[in-house]
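Trainee: I am new to this structure. Please take one part of the model and walk me through it closely.

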Amino acid sequence: MKHSYFCPCPRGLETALAEEIAEIAINTGSTTLKVHNQVPGGVHCSGELSDVYRLNLHSRIASRVLMRMAQRGYKNENDIYDLTLEQAWEDWFTYHHTIRVDVTAVKSPLKSLEFITLKIKDAVCDRFRDQFTQRPSVDTRTPDMRIVGFLDAHNYTIYLDTSGESLFKRGWRAETGDAPLRENLAAGLLRTTGWKPGTPLLDPMCGSGTILVEAAQMLAGIPPGMQRDFAFEKFADFDEKEWQQIKAAVRPNPIPAEPTIFGSDISGDMVVMTRNNLQKAGITFEVPLKQIEAQEIKVPTQTAGVLITNPPYGERIGVRGDHRFEPDELAKEFFAAFSGTLKQRFAGWSVFLFTADLSLPKLLRLKESRKTPFFNGALECRLFRFDMVAGFNRREAAKPKEAE
């Protein structure tokens, strides 16, 4: 039986997610998984229940895979209660399972999301109580089943979450730095750069290693969901045999003889953390890591590649060392030195910097060739691309001294 699904994702990655879903269908041999339309914050698609298994296992960019139970226009909270009550929740889970309800609204005339959340929870529980005289308990921290309501100005849509914990939780992360990127955002950034496994990749401010781990798993052919559990495994009609077959169909990629993924950070603790995270993520090949200032880095390979990093900003610039300077002065000094390194040593490389600091090109004194808007949670960010053209350093050296 086919179902409609909605896959939310970080804003700015909708096109990347739509492309990824289409690729998952092709790569896993699914003839039923179909991409429909993109909307701000996600992608609508459809398929069999087995496609839910594939999406949760393979999608690096989706935050969740939500199965649409019903959609209808509404005028008040009672309409929301009625539509929720009509759904055959007992076909999917039992009153022994715990539940959690989340509600999102855009331009809804109804004022209280808390009251709507309560009405949805009451309707689900009343459905079970009417049929079985018992009802599911609520667990907001680690529920078995998550029910998601979405309201726009006119329509109410009710979903059952097939993922459980958000898909950016891959199951390997034990440690994080001060400001870790979410894994699905890191994967989306890698896709946006056009990086392909086998192309040299360097993250010179790697923090806890999120970008490096995502790239290394892509290189190895390890699906992001290989090490974790999903809510659909508790569904009443979960097909354990089919799920095991889908996982068994995964084939690892051959690894290049020479390293192609590299990382460094000023903090030795972060380098150790990255190494541990790579190991926990199932990476068995070498990813060379160095403890070094970003402005001191050198090209790790003779072949030009992609440099991508999430540089520190705001408070995090303080870890760069010298507390005699105000953070702004420290940032100016650091980025001026880093820019010089890029110009002198990274000719031919594509450099991508992901940041909430929209003045970054000015600090680097570089003109970006592209800037792509993204949101890191609620924080508006940009992925700036700089093409390091051969001859930068010669032009810099040729400048008259008084003009500098």
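At what angle do the axes of helix H3 (residues 77-86) and helix H4 (residues 113-132) cross?

Mentor: This is a predicted model. Start with that pair. The axes of H3 and H4 cross at roughly 30 degrees. They come within 8 Å. Angles under 35 degrees count as roughly parallel. H3 and H4 are therefore roughly parallel to each other. The crossing of H3 and H4 is right-handed.

Now look at who touches whom. H3 brings Glu-77, Asn-78, Ile-80, Tyr-81, Thr-84, Leu-85 and Glu-86. On the H4 side they meet Phe-115, Ile-116, Lys-119, Ile-120, Asp-122, Ala-123, Val-124, Asp-126 and Arg-127. By class, this contact has eight nonpolar, six charged and two polar residues.

Two packed helices are described by the angle between their axes and the distance between the axes. Take H6 and helix H8 (residues 268-280). Their axes also cross at roughly 30 degrees, and they come within 10 Å. H6 and H8 are therefore roughly parallel to each other. H6 passes H8 in a right-handed crossing. From H6, the contact uses Leu-212, Val-213 and Ala-216. From H8, it uses Thr-274, Asn-277 and Leu-278. Four of the residues in the contact of H6 with H8 are nonpolar, two are polar and none is charged.

The next pair is helix H2 (residues 49-58) and helix H7 (residues 240-248). Their axes come within 10 Å and cross at roughly 40 degrees. H2 and H7 are therefore oblique to each other. Their crossing is right-handed. Ser-50, Tyr-53, Arg-54 and Leu-57 are the H2 residues in the contact. Facing them in H7 are Glu-242, Trp-243, Ile-246 and Lys-247. By class, the contact of H2 with H7 has four nonpolar, three charged and one polar residue.

Next come the pockets. Rolling a probe the size of a water molecule over the atoms shows where empty space is left. The largest pocket has a volume of about 980 Å³. Its lining holds 34 residues. Nearest its centre lie Phe-6, Pro-8, Cys-9, Gly-41 and Thr-104. Several elements each supply at least two residues of this lining, including strand E1 (3-8), strand E5 (98-105) and helix H5 (183-193). Strand E8 (155-161) is another of them. E8 gives the most to the lining of the largest pocket, with four residues. By class, this lining has 16 nonpolar, eleven polar and seven charged residues.

The second largest pocket has a volume of about 830 Å³. It is lined by 27 residues. Glu-23, Asn-27, His-58, Arg-60 and Met-218 are the closest to its centre. Helix H1 (14-27), H2, H5 and helix H6 (210-220) each give two or more residues to this lining. H1 gives the most, with five residues. The lining of the second largest pocket has 13 nonpolar, eight charged and six polar residues.

Some helices now turn up again.

Methods
Residues are numbered from 1 along each chain as its sequence is written. This is a predicted model: local features need pLDDT of at least 70, side-chain atom pairs count only at pLDDT 80 or more; totals for chains, interfaces and linings use all residues. Side-chain values use heavy atoms; hydrogens and water are left out. Axes are lines fitted to C-alpha atoms, for helices over the stretch in contact, and angles run from 0 to 180 degrees between N-to-C directions. Angles under 35 degrees count as roughly parallel, over 145 as roughly antiparallel, 65 to 115 as roughly perpendicular and the rest as oblique. A crossing is left-handed if the near helix is turned anticlockwise from the far one by less than a right angle, and right-handed if clockwise. Contact means heavy atoms within 4.5 Å. Ala, Val, Leu, Ile, Met, Phe, Trp, Tyr, Cys and Pro count as nonpolar, Asp, Glu, Lys and Arg as charged, and the others, Gly among them, as polar. On a 1 Å grid over the protein atoms alone, a cavity is a set of points where a 1.4 Å probe fits but cannot get out, and a pocket is an open set with protein on both sides within 12 Å along at least five of seven lines; lining residues have an atom within 4 Å of a point. Grid points are joined across faces, edges and corners, and a volume is the space filled by probe spheres set on the points.
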